[in-house]
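Subject: Structure for you to look at

Hello,

Here is the structure I promised to pass on. My notes follow below it.

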Amino acid sequence: MAFAGHRNSGGSNMGGKGTVRLERPPSINSLSSNRSNSGVVASSAPSSSVPPTGRPKSSSPSPSFPRRNSLGSPRNGKDDCGVPGRVRVAVRLRPKNQEELVADADFADCVELQPELQRLKLRRNNWDSDTYQFDEVFTEFASQKRVYEVVAKPVVESVLEGYNGTVMAYGQTGTGKTFTLGRLGDEDTADRGIMVRAMEDILADISPEHDSVTVSYLQLYMETVQDLLSPGNYNIPIVEDPKSGDVSVPGATVVEIRDQQSFVELLRTGEAHRFAANTKLNTESSRSHAILMVNVKRAMYGRQDKESALSNENGNGVNILKGIRAPVVRKSKLVVVDLAGSERIDKSGSEGHALEEAKSINLSLSALGKCINALAENSSHVPIRDSKLTRLLRDSFGGTARTSLVVTVGPSPRHRGETASTISFGQRAMKVENMVKLKEEFDYKSLCRRYEIQIDKLIAENERNAKALQNAEEERDRVVREAQDCAIEAQNKLSSALERVAAERSSYQNEYIDALQKLEDREKHVQQQKAAMEAKLKDKNADPWKEGQVNGTGEELAQVKWLLQKEIQMREHAEEEVKILKRKIIPSVNTEMLENAEVVKLNKRLEDEVQQKSKLEEEIKSLKHQLLQLSFEADETRRVLDRGGSGRNSTSSDTAMNTFKTNQVRDAANGQKATIAKLFEQVGLQKILSLLESEDVDVRVHAVKVVANLAAEEANQERIVEAGGLNSLLMLLRSSEDETIRRVSAGAIANLAMNETNQELIMNHGGIGLLSRTADEAEDPQTLRMVAGAIANLCGNDKLQIKLRSEGGIRALLGMVRCGHPDVLAQVARGIANFAKCESRASTQGIKTGRSLLIDDGTLPWIVQNANNEASPIRRHIELALCHLAQHEVNAKDLIAGGALWELVRISRDCSREDIRNLAHRTIVSSPIFQTELRRSHTEF
């Protein structure tokens with residue numbers, strides 16, 4: 001029954017006394033914190049008060065939690081023993097309703113509250129009353145916020161620290177239990193109940209990146225556990241862990257909560273399915289016990305790894321694997337229980353089926369009361385199995401949870417008996433001691449997954465290093481060949497030049513010698529003529545009488561002079577020719593000297609090339625050695641993980657961790673990423689993208705490799721897309737015939753397809769059609785793996801399901817299985833699992849109807865055939881795909897006809913992963929068609 005006139009009335013006054021807050025780590029006694037603002041000091045535990053009967057009404061306080069270190073482990077190392085903590089009990093008085101204002105106008109209220117003393121007086125008659133002490137007393141004017149902060153918030157904070165907690169409301173029907181716990185506050189946010197406010201605090205404190213919150217909403221009706229989120233799921237079994245004693249309901253629907261609005265909608269759905277009836281005491285009386293289970297999983301390693309990553313970015317970390325350790329996970333559970341109201345048949349007027357409901361409610365509450373009495377009296381036997389309610393609350397009373405109880409009472413003297421019974425229940429509950437324990441464990445599965453991711457990164461780095469090594473060897477061979485060709489060509493040119501110079505020099509020398517010989521002959525001839533003339537002159541002087549000869553001698557003399565003049569001219573001409581020949585010889589000599597110097601330079605360059613070749617060969621040998629050692633250590637690490645399992649012992653985990661640290665230090669020495677980053681800064685993204693259109697194939701290959709490496713970093717993806725890199729990659733995929741370019745382009749598109757915004761852009765630009773065509777044409781396993789990875793990423797987008805299927809994405813995935821390579825098959829299986837998961841989500845939300853598109857495209861035979869594949873990545877994705885397909889009845893007949901049901905049965909029994917095994921089990925149990933087929937085939941399940 002909703003409180004009349006109760007919304008936020010007096011809330012401001014109560015706030016004036018100060019809100020009871022809890023400093024973490026939590027204290028068991030925080031419910032009774034002092035309220036210093038009002039000047040009234042409240043006792044940390046109920047003070048002993050003796051009523052007129054002489055019976056004490058309080059219990060002593062219990063110690064608070066010990067201080068804990070950053071991982072939550074006790075400093076004294078005694079966490080396994082737990083910390084004692086008493087059940088905290090608060091009482092809340094409901095204001096009078098309209099009926100009571102009229103019927104009880106002449107009578108005094110049966111309840112008198114003393115909130116400043118945390119006491120309640122229950123009137124026996126007009127002059128006598130019994131006094132009871134509680135941890136907190138709320139008047140009819142107490143606000144919902146005040147009740148939450150005092151009663152439930154300390155429990156919620158303990159849950160966030162890793163402890164189990166319970167908040168429960170007990171009281172007569174119509175006294176405001178559902179109002180206190182489950183009010184949604186649609187009309188007035190101040191009316192929000194404990195459930196809504198608790199989830200607000202939980203979502204505000206957790207980290208969405210590392211933590212998770214899941215919720216189950218159940219009701220206990222007529223001793224059957226039913227799922228309020230899935231009405232068809234009824235009579236759910238209760239499972240108890242024989243070792244730890246923890247109680248769980250594995251068949252219940254589990255919903256992950258990401259925001260407050262989805263949680264409120266979940267509560268609204270649950271309340272719509274809860275049984276309620278109209279009685280004389282309440283127009284909407286709950287006929288079932290409502291149980292909200294909130295499971296909080298907090299990964300403590302996330303924050304430490306984040307700090308380590310920031311340290312590495314600042315240059316202070318050695319390597320990224322330094323922070324890898326077995327993750328610490330805290331798993332806690334908050335249980336909020338809205339008990340159905342106890343009632344007397346004569347007052348409620350229940351009859352027929354409502355009478356049977358009332359009997360069942362009273363029996364379960366009676367069983368709870370017996371357990372409370374046994375625990376309060378330290379009895380050796382606690383009848384915990386008398387009712388499913390007591391089994392579900394086993395951890396709340398006498399267990400390991402921190403428990404707060406709100407008992408709600410009404411003021412009417414007509415119901416004094418029920419009020420006295422409620423107060424007595426609360427008093428007995430205050431004597432119950434729980435042993436609060438921290439729920440903390442090592443998440444070896446998560447560590448194994450992180451190791452697998454690191455192994456994949458190392459393998460990819462190994463492949464990139466091998467490719468870079470191959471490119472370096474090719475570049476070295478090319479440089480050596482060019483140097484050898486240049487040396488041979490220079491030697492040939494030098495030989496030709498030397499021969500030419502020698503021939504010219506010999507010719508010039510012969511001409512020079514001939515000219516000198518002619519000059520000497522002429523000089524001799526001139527000397528001879530001169531001697532003859534002198535002889536004739538002597539003869540003339542000796543015989544002057546010979547006048548007849550004088551004339552002849554004059555003529556000869558003139559002729560001799562002419563000849564002498566001619567010889568002088570010829571001598572001068574010969575000397576000029578000699579000078580010309582000398583001038584011609586000098587350039588030839590200079591050319592010879594220059595060519596000799598060029599030969600020396602070429603010889604020196606050849607020697608440098610030989611030395612560089614030797615250095616490159618030494619470097620290649622070193623890289624090959626490191627590459628082989630890296631591959632060996634990665635394989636050794638994978639074998640250790642496969643042999644040791646997830647968390648078999650700490651030695652194998654430490655060995656794997658050391659191996660990864662050694663690998664990372666060696667990989668850090670490789671400057672490939674630094675080189676690409678430096679190239680990216682110096683050249684610029686736009687210039688790199690322009691090289692994708694180069695006519696030189698080698699230039700395009702190198703450019704697309706640089707873009708693919710940049711696209712592997714999430715920080716670069718947005719800049720690549722904005723600069724037109726996605727269009728360029730799609731253009732290469734469409735037009736290039738080079739296998740390397742197509743493979744690297746597909747890999748870069750796969751990296752970009754990890755972003756949801758990029759996925760839509762790829763689809764809008766016809767990317768799925770290009771990928772499908774590449775899948776049909778390619779034969780190289782590495783190219784097919786890149787293409788399958790890109791399509792698999794696109795399959796994970798809910799908005800692109802129909803378009804992806806219509807453009808041939810599913811058929812392309814199915815066509816690539818022809819390759820048979822395990823890496824390609826793993827990507828195909830991942831894509832099918834992503835598509836099936838999106839389909840399952842769309843069907844659950846009512847967006848999609850009809851059977852699965854995967855079944856329409858004929859993937860079911862391949863899924864069934866590979867459901868038990870030897871390769872764990874393939875098998876894991878196929879198992880998830882089968883579970884998602886089987887969650888909807890419309891696919892059930894096809895799954896049975898294709899033999900998938902028997903694979904589901906095998907998965908539910910033999911799957912190595914517990915979450916998949918439980919999912920398969922729940923799917924089979926919740927499907928009537930599957931259950932009918934199993935019964936028909938006489939298969940026990």
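The protein has 33 helices and 19 strands. Both are DSSP runs, numbered from the N terminus: helices are H or I with at least four residues, strands are E with at least two. This is a predicted model, so local features need pLDDT of at least 70 and side-chain atom pairs count only at pLDDT 80 or more, while totals for chains, interfaces and linings use all residues. Residues are numbered from 1 along each chain as its sequence is written, and side-chain values use heavy atoms, with hydrogens and water left out.

Of the 941 residues in the protein, 47% are buried. Buried means under 20% relative accessible area, exposed means over 50%, and partly exposed lies in between (1.4 Å probe, protein chains only). I also looked at contacts, meaning heavy atoms within 4.5 Å. Among those between residues at least 6 apart in sequence, 73% join residues at least 24 apart.

Helix pairs

Two packed helices are described by the angle between their axes and the distance between the axes. The axes here are lines fitted to C-alpha atoms, for helices over the stretch in contact, and angles run from 0 to 180 degrees between N-to-C directions.

Take H20 (residues 739-752) and H23 (residues 781-795). Their axes come within 8 Å and cross at roughly 25°. H20 is therefore roughly parallel to H23. The classes are: under 35 degrees roughly parallel, over 145 roughly antiparallel, 65 to 115 roughly perpendicular, and the rest oblique. H20 passes H23 in a left-handed crossing. Left-handed means that the near helix is turned anticlockwise from the far one by less than a right angle; clockwise is right-handed. On the H20 side, the contact is made by Glu739, Arg743, Ala746, Gly747, Ile749 and Ala750. H23 brings Gln782, Thr783, Met786, Val787, Gly789, Ala790 and Asn793. The residues of this contact of H20 with H23 divide into six nonpolar, five polar and two charged. Nonpolar covers Ala, Val, Leu, Ile, Met, Phe, Trp, Tyr, Cys and Pro; charged covers Asp, Glu, Lys and Arg; the others, Gly among them, are polar.

Next come H31 (residues 900-910) and H32 (residues 914-926). Their axes come within 7 Å and cross at roughly 135°. That angle makes H31 oblique to H32. The crossing of H31 and H32 is left-handed. Leu904, Val905, Ile907, Ser908 and Arg909 of H31 meet Ile916, Arg917, Ala920, His921 and Ile924 of H32.

H26 covers residues 822-844, which is 23 residues. The expected span is 1.5 Å times one less than the number of residues. For H26 that gives 33 Å, and its end C-alpha atoms are 33 Å apart, which agrees. After H26 comes Gly846, with a positive phi near 80°.

Single residues

Met222 is not a glycine, yet has a positive phi of about 55°. It sits in the loop between strand E8 (212-221) and strand E9 (224-227). Met222 is partly exposed, at 31% relative accessible area.

Asn378 is not a glycine either, and has a positive phi of about 55°. Its loop runs between helix H9 (353-376) and helix H10 (388-392). Asn378 is exposed, at 68%.

Ser364 is in helix H9. At 2% relative accessibility, Ser364 counts as buried. Leaving aside neighbours within four places in sequence, Ser364 is in contact with Glu223, His289, Ser387 and Leu389.

Best wishes
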